[in-house]
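Colleague: I am new to reading structures, and I would like to learn where the labels come from. Could you show me the one we will talk about?

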Amino acid sequence: MKTEISQDTYLVGIGVSPGIAIGEVYLLNKQTRALEWEIEDYEVEGELQRFSLALEQAKAQLRQVKKDVSSKPHLREHLYILDTHLLILEDEMLVQQTVAQIKKRMNAEGALKRTLTILRQMFDSIEDEYLRERRSDVDAIGDRLQRILAGEYDRTFGEIGQKSLLVAHDLSPADTMQLDKGNILGFITDCGGRTSHTAILARSLEIPAVVGLETVTTVAQNRIPAIIDGTTGVVILNPSEETFREYLKRKQAFEYQEKGLLSYRDLPAKTRDQFTVALRGNLETVSEVESALKYGAEGIGLYRTEFLYMNREQPPDEEEQIAAYREMLEAMDPHPVTIRTLDLGGDKFVTDLCLEDEDNPAMGLRAIRFSLREINLFKIQLRAILRASVAGRARIMFPMISGVGEIRACKRIFRDVQNDLRRDGIPFAESIPIGVMIETPSAVFVAPLLATEVDFFSIGTNDLIQYCLAVDRGNEHVAYLYEPMHPAILRALKATCDAARDAGIDVSICGEMAAEPQYALVLLGLGLTELSMNSSYVPRVKQVVRQLMKSDGEVLLTKLMTLSTGKEVAACIDKEMRTLLPDIFAHAPI
Ligand code: PEP
Ligand code: MG
């Protein structure tokens with residue numbers, strides 16, 4: 001039975017993409033847990049019928065989604081997934097096994113759960129990689145059937161109405177990429193952390209988002225009015241008229257302020273004591289180039305190429321990659337574009353690439369480890385980058401390097417690819433800079449050694465914090481431990497910047513920390529020469545940088561290095577920023 005949600009039900013999660021969205025809830029899905037129990041003989045017939053109806057309902061849902069997707073050109077390439085799902089629903093094994101279990105006096109949910117376990121085991125043992133990867137489709141169908149059996153109507157992206165606030169248990173980065181900004185005003189999820197890739201994509205899409213609410217899908221109801229404040233992490237279900245008016249005012253103020261910040265677009269990010277830091281954009285797709293230009297990003301400090309490989313059947317071939325890289329290089333010229341090679345794994349998956357299920361994906365066959373195993377795929381990407389490099393100022397960056405051996409292996413393969421192109425008379429930029437991401441503790445420890453191998457460092461603080469503090473960046477339950485200003489992180493940043501300065505190479509930060517205006521002074525004090533962030537943050541970071549002195553940052557850093565906890569460091573920074581720039585920071589949420 002539905003209970004009414006009281007007026008002004010406040011929930012607080014992690015605000016990951018700023019701005020205020022006001023609209024109606026579209027409840028995409030909830031967390032479900034299938035329980036199994038023994039049934040009586042007389043209940044068997046009823047359970048068989050429930051299962052059979054669930055199969056029919058799932059088919060009807062999928063056919064409807066197919067119809068919706070067919071009318072949306074940008075989603076059409078996903079149609080094959082729906083066909084696969086429809087086929088699985090007809091699968092004899094799925095149906096017969098479940099029916100057999102029900103006949104042995106098990107409830108439908110339990111019977112289905114057992115069948116799915118057997119099917120998953122069968123898929124895991126298949127030799128053929130392509131077929132093995134179809135396991136994720138079985139999981140999706142299993143989830144859909146369980147939701148139907150649990151009486152939950154599992155909605156789909158295709159059915160989202162106009163101007164909705166999407167509420168979901170979790171959204172994968174691949175799901176988030178497909179969100180239609182025209183229809184979705186904002187989203188909120190039970191799961192997730194500040195630097196999960198889903199959060200990062202919300203910022204790229206420029207839609208307000210709050211994650212890590214833990215139980216919002218059990219509280220929210222479809223089509224009730226709600227407000228999302230992506231800046232503070234507050235979500236209000238069923239707002240009263242007074243609250244509604246208040247947030248409408250805040251929304252207008254936020255949008256007014258954002259527009260005002262655009263006046264910084266063409267000004268340099270130069271401190272009052274004449275230190276210039278390059279503010280570049282992070283992006284996931286070529287379509288974001290437009291907003292990088294709009295916000296005045298001086299080039300791209302991080303292009304996450306793995307998103308080119310998502311939501312599709314086959315990885316992009318060399319020509320398709322060349323076209324994407326070329327477009328970006330031409331658009332950003334004369335500024336540089338830092339193309340990071342494939343960084344799959346962790347929370348980013350591509351069903352059709354041979355990433356096996358791992359017990360601990362964040363520490364598994366991720367990023368450069370995957371590229372160094374799938375050398376052909378790696379070589380295609382390097383060839384594409386090199387061939388596109390004549391179109392502008394490309395830089396190559398390798399993710400998740402944990403030691404000198406790995407970067408040397410990358411360079412060897414890179415040289416092989418260069419030699420192949422030379423032999424075939426194909427032109428490419430000869431002096432393309434090579435860099436590494438510093439995002440593992442081991443890379444920090446050997447930073448002086450790595451610095452002799454490369455042209456630049458880019459610190460991936462999202463992962464560096466995760467690995468240094470042993471805190472999963474996407475896990476809402478440990479989000480409180482994810483402290484960017486933990487003394488261990490400060491020391492890691494300092495050691496990396498010192499190593500880069502001693503070796504005379506550039507050092508940047510391309511993790512989310514670079515986008516936080518309150519950290520700008522500390523980052524200046526560390527001597528970073530470049531900050532790369534979601535482009536929409538460039539104007540507000542620039543506004544702050546232009547009012548600061550690098551020398552103040554150095555003094556602050558010395559003081560911070562004497563403090564013992566992340567909270568002390570954060571409080572000290574907060575106090576300093578409020579004192580130096582009261583207009584900007586005096587009212588900012590801590
Ligand atoms: C990082 O880890 O900080 C980073 C920039 O890379 P990603 O978020 O893609 O892991
Ligand atoms: Mg990373």
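Modeller: Let us start with a definition: donors are N, O and S atoms within 2.8 Å of the metal (3.2 Å for Na, K and Ca), and sites may look incomplete because water is not among the atoms. Please keep in mind that this is a predicted model, where local features need pLDDT of at least 70, side-chain atom pairs count only at pLDDT 80 or more, and totals for chains, interfaces and linings use all residues. Residues are numbered from 1 along each chain as its sequence is written, chains are lettered from A and ligands numbered from 1 in the order in which they are written, and side-chain values use heavy atoms, without hydrogens and water.

Colleague: What makes Glu 439 and Asp 463 count as coordinating the magnesium ion (ligand 2)?

Modeller: Glu 439 (OE) and Asp 463 (OD) coordinate the ion at 2.0 to 2.2 Å, and the cut-off for this metal is 2.8 Å. The two residues are 24 apart and link distant parts of the chain: Glu 439 is in the loop between β13 (434-438) and α16 (441-445), while Asp 463 is in helix α18 (residues 461-469). Helices (H or I, at least four residues) and strands (E, at least two) are DSSP runs, numbered from the N terminus.

Colleague: How do you know that the side chain of Arg 114 makes a polar contact with the side chain of Glu 36?

Modeller: A polar contact is a pair of N or O atoms within 3.5 Å; within protein, one must be able to donate a hydrogen and the other to accept it, and residues adjacent in sequence count only if both atoms are side-chain atoms. Here the distance is 2.9 Å, and Arg 114 and Glu 36 are 78 residues apart along the chain. Arg 114 itself lies in helix α4 (residues 108-124).

Colleague: Where does the side chain of Asn 107 reach?

Modeller: The side chain of Asn 107 reaches the backbone nitrogen of Trp 37, at 3.0 Å. Asn 107 sits in the loop between α3 (92-103) and α4.
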